[in-house]
Amino acid sequence: MDGYTCPPAPINETVLNYAPGSVERGELLQALQSFSGPLELPAVIGGVRRQGGGASFDVVSPQRHSRILGHSAHSTQADARDAITAATAVAHEWRALDFDDRAAIILRAADLLTGPWRARINAATMLGQGKTSYQAEIDAACELADFWRFNVHFAKQVLSDQPIAHSKGIWNRTDYRPLEGFVYAITPFNFTAIAANLPTAAALMGNVVVWKPSPTQQLAASLTLDLLSEAGLPDGVINMLPGDGIAVSEVVLADPALAGIHFTGSTKTFQYLWGQVGANIASYNTYPRLVGETGGKDFILAHASANVDVLRTAMVRGSFEYSGQKCSAASRAFVPKSLWSTLRDDLASETDGLAVGDPENFANFTSAVIDERAFAKQKAAIDRAHATAGIEVLAGGTYDDSEGYFVRPTVLVSDDPTDEIFSTEYFGPILAVHVYDDEKFDSVIDLVDKGSKYALTGSIISGDRTVAARVANDLRFAAGNFYINDKPTGAVVGQQPFGGARASGTNDKAGSALNLMRWTSPRSIKETFVPAKTSGYPHQD
Ligand SMILES: NC(=O)c1ccc[n+]([C@@H]2O[C@H](COP(=O)([O-])OP(=O)(O)OC[C@H]3O[C@@H](n4cnc5c(N)ncnc54)[C@H](O)[C@@H]3O)[C@@H](O)[C@H]2O)c1
Ligand SMILES: N[C@@H](CCC=O)C(=O)O
């Protein structure tokens, strides 16, 4: 059937708004209440749920230290070996399944997610990862359903790309095989959608997977695997190993059957993984595919022709939604002097007016940062800013970890565009602003391009079309996702395929055909209908 069927056309899932009195708000409140006691969040190996053999850890709400959501345990080398064995055991059967049967499981998962599972996964994402209702909805419900539905569509495109030339008497075909081995999916805390997409994108293409989620995302990750199981995913296709991944990597990265890594997280971790693969390169059965989407130092560049309200809104939403814990979050902005006098006070008061607290209070704009490590990083950056003569703390600049890991949205202003606030990824609610002389716009473009090692997202805010076009061209390599007159966050699957280059990753664009191609190893087949029976060629006569 491959290549001939036409799955339902994907449509972006409508984002529900959770307004007071809405049906979805009622369902979400109920789901939040249903998480009463800590859940067991075990490893799942070959469909068997078992506690990992390493030290146990608690999954705790970032906004409330006293709220223990689950108990889990770090996975050991033995757990990793068992997961590889379980994956390998079902690899033949999974890859032999027709693509449409695999796709049907993923499409069913999307419908379960946006139907009966929606409130529960959103509630888990609010409680476990500190998202507001809206941020949970755009991530755990909508982006994840979009990944699943659009991936089926794009996979079908990949499979249907067949040779168009056939010499007389010949038929050429391409067989899209899964990778020979297993894929190691390592996922970040900040998006339930990304965490689910990395193992399932590879599985859709016929691969078996060892999935190592982030310990701080374990609640939603465990629910996601339960959902996939309800959708019909056979045991062993995706095996989940909770914990920090240290012992798991020692085994997985040394296994000859490692065929690919699908990673999203920090640049440092990806470079470590790549280094280990490099060190072991001679021992693999096949060259592992390395796909990693990593850090960013995302920019907003304002031109003198910008509308100030548009600019301020892009800065506030782009930097402080989900407390800046999006790889795409704006964390450096460049504003011309001619606009700064109008923008300055409003930017400060709007930022200081943002309500920060427990997301179960729907009035809050954002909540806590994810954990102690993230809090310490923000605290150090803010303390340093207060102590640095050339930096003005225009808004925020305070933090409090007595109840949860709360950091006030913070705007730092500096005359020195080489200060580390313009190049270091803090991954929190800190925006660095540099105010430039209007006539120095050309050199500011260069600063944006060369001022950080990353190239993930960026925006130009300009009322002048020719300026926007010029900046889009001059900064062509400074961002994998580039926005004109908008904030640099909020990429939508099927609309703005997401990913960046330089230190921001391999730019394989999650949720697109480009990504899915990395999980297939094509075989070219030539069939000759009436083969030659003699060895000589005509020129020999
Ligand atoms: N470019 C993107 O699409 C994108 C999306 C989301 C997050 N990010 C980036 O992710 C980072 C924040 O996420 P994070 O704090 O979870 O990143 P992180 O690198 O600390 O962790 C990512 C994952 O790697 C795991 N890990 C760390 N060391 C490991 C090892 N030795 N073996 C196996 N697994 C290991 C972690 O447990 C986690 O599951 C930021 O830098 C952000 O920019 C990028
Ligand atoms: N899809 C997200 C990026 C994910 C990174 O964390 C966005 O565009 O905001």
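Two strands pair if DSSP finds at least two bridges between them. Strands (E, at least two residues) and helices (H or I, at least four) are DSSP runs, numbered from the N terminus. This is a predicted model: local features need pLDDT of at least 70, side-chain atom pairs count only at pLDDT 80 or more, and totals for chains, interfaces and linings use all residues. Residues are numbered from 1 along each chain as its sequence is written, while chains are lettered from A and ligands numbered from 1 in the order in which they are written.

**Strands**

Strand 17 (residues 410–414) pairs with strand 18 (residues 430–436) in the parallel sense, over 4 bridges. Leu412 stands opposite Ala432 in strand 18. Strand 14 (residues 391–395) also joins strand 17, here antiparallel. In that pairing, Glu392 faces Val413. Strand 17 is largely enclosed by the rest of the structure, because 4 of its 5 residues are buried. A residue is buried if 20 or more other C-beta atoms, placed from the backbone, lie within 10 Å of its own; 12 or fewer make it exposed, and anything in between partly exposed.

Elsewhere, 3 strands form an open sheet with the order 1-5-4 and mixed pairing. Its edge strands are strand 1 (39–40) and strand 4 (56–60), each pairing on one side only. Glu40 has His71 in strand 5 as its bridge partner.

| Strand pair | Sense | Bridges |
|---|---|---|
| Strand 14 and strand 17 | antiparallel | 4 bridges |
| Strand 17 and strand 18 | parallel | 4 bridges |
| Strand 1 and strand 5 | parallel | 2 bridges |

**Ligand shells**

A residue is near a molecule if its C-beta atom, placed from the backbone, lies within 6 Å of it. Around ligand 1 there are 31 residues; Gly245, Gly265, Ser266, Glu293 and Cys327 come nearest. Helix 8 (246–252) and helix 9 (267–279) each supply at least two residues of this shell. The largest share, 3 residues, comes from helix 8. By class, the shell around ligand 1 has 13 nonpolar, 14 polar and 4 charged residues.

Ala, Val, Leu, Ile, Met, Phe, Trp, Tyr, Cys and Pro count as nonpolar, Asp, Glu, Lys and Arg as charged, and the others, Gly among them, as polar. The shell around ligand 2 divides into 4 nonpolar, 4 polar and 1 charged. Its residues include Lys326, Cys327, Ser328 and Phe498.

**Helix packing**

Helix 10 (residues 308–320) packs on helix 11 (residues 337–352) at about 40°, with the axes 10 Å apart. That makes helix 10 oblique to helix 11. Angles under 35 degrees count as roughly parallel, over 145 as roughly antiparallel, 65 to 115 as roughly perpendicular and the rest as oblique. Axes are lines fitted to C-alpha atoms, for helices over the stretch in contact, and angles run from 0 to 180 degrees between N-to-C directions.
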